[in-house]
Each structure stands twice: as structure tokens, then as C-alpha cells.
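Visitor: I'd like to learn how to read a structure like this one. Could you walk me through it?

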Amino acid sequence: MANEIEVTIGGATYLGEYTVSGRGKSAVVTVKGNGLTTTKSTQLGELPAEQVAQLMLAEMVRAIKATK
């Protein structure tokens, strides 16, 4: 089941969704947003999955903006 997330960058709000596979140190977050999908570890369980997902969505948005 996907969870919705949002980030605000430069006054604009961007929406995405994320899922988490695994637990603790082996957890992996997958984010879908702005037509892209990316996957990343929760950094050995040090960060909450939602925070990792928000950081990933922000990275995706910034990458898209940089190519325009």
C-alpha cells in the first residue's frame, strides 16, 4: 500500500507516493512522483521512511528542474 507525501520547493507543492519494503536496517523506500521512480535504503534504519521519501521526492523535483 502506497503512502502519499508532499514537499514544497520554491513555494510550489509537489506530490508523490512511497512504499517501504523490509524493516529496520534492511528497509528500502520506493518513491514515485513527477513521472519518475527511485529506490533508496533508509540509511541503515537511521532515518524514518517518510523522511527518506520526502528527501527523495525533493531530489527528483530538483533534478527535473535542473534539466529544464
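Guide: Let's go from the overall fold to the side chains. This is a predicted model, so local features need pLDDT of at least 70, side-chain atom pairs count only at pLDDT 80 or more, and totals for chains, interfaces and linings use all residues. Residues are numbered from 1 along each chain as its sequence is written, and side-chain values use heavy atoms, leaving out hydrogens and water.

Visitor: How many salt bridges does a search of the whole structure find?

Guide: Side chains of opposite charge can pair when their charged atoms come close. A salt bridge is a side-chain nitrogen of Lys or Arg within 4 Å of a carboxyl oxygen of Asp or Glu. The search finds one: glutamate 59 with lysine 40, at 3.4 Å from N to O. Glutamate 59 sits in helix α1 (residues 49-66) and lysine 40 in strand β4 (residues 36-41), so the pair ties together parts 19 residues apart in sequence.

Visitor: Is threonine 30 buried or exposed?

Guide: Buried means under 20% relative accessible area, exposed over 50%, and partly exposed in between (1.4 Å probe, protein chains only). Threonine 30, in strand β3 (residues 28-33), is buried at 19%. By contrast, glutamate 59 is partly exposed at 42%, and lysine 40 is partly exposed at 30%.

Conventions
Helix = DSSP H or I, 4+ residues; strand = E, 2+ residues; numbered from the N terminus.
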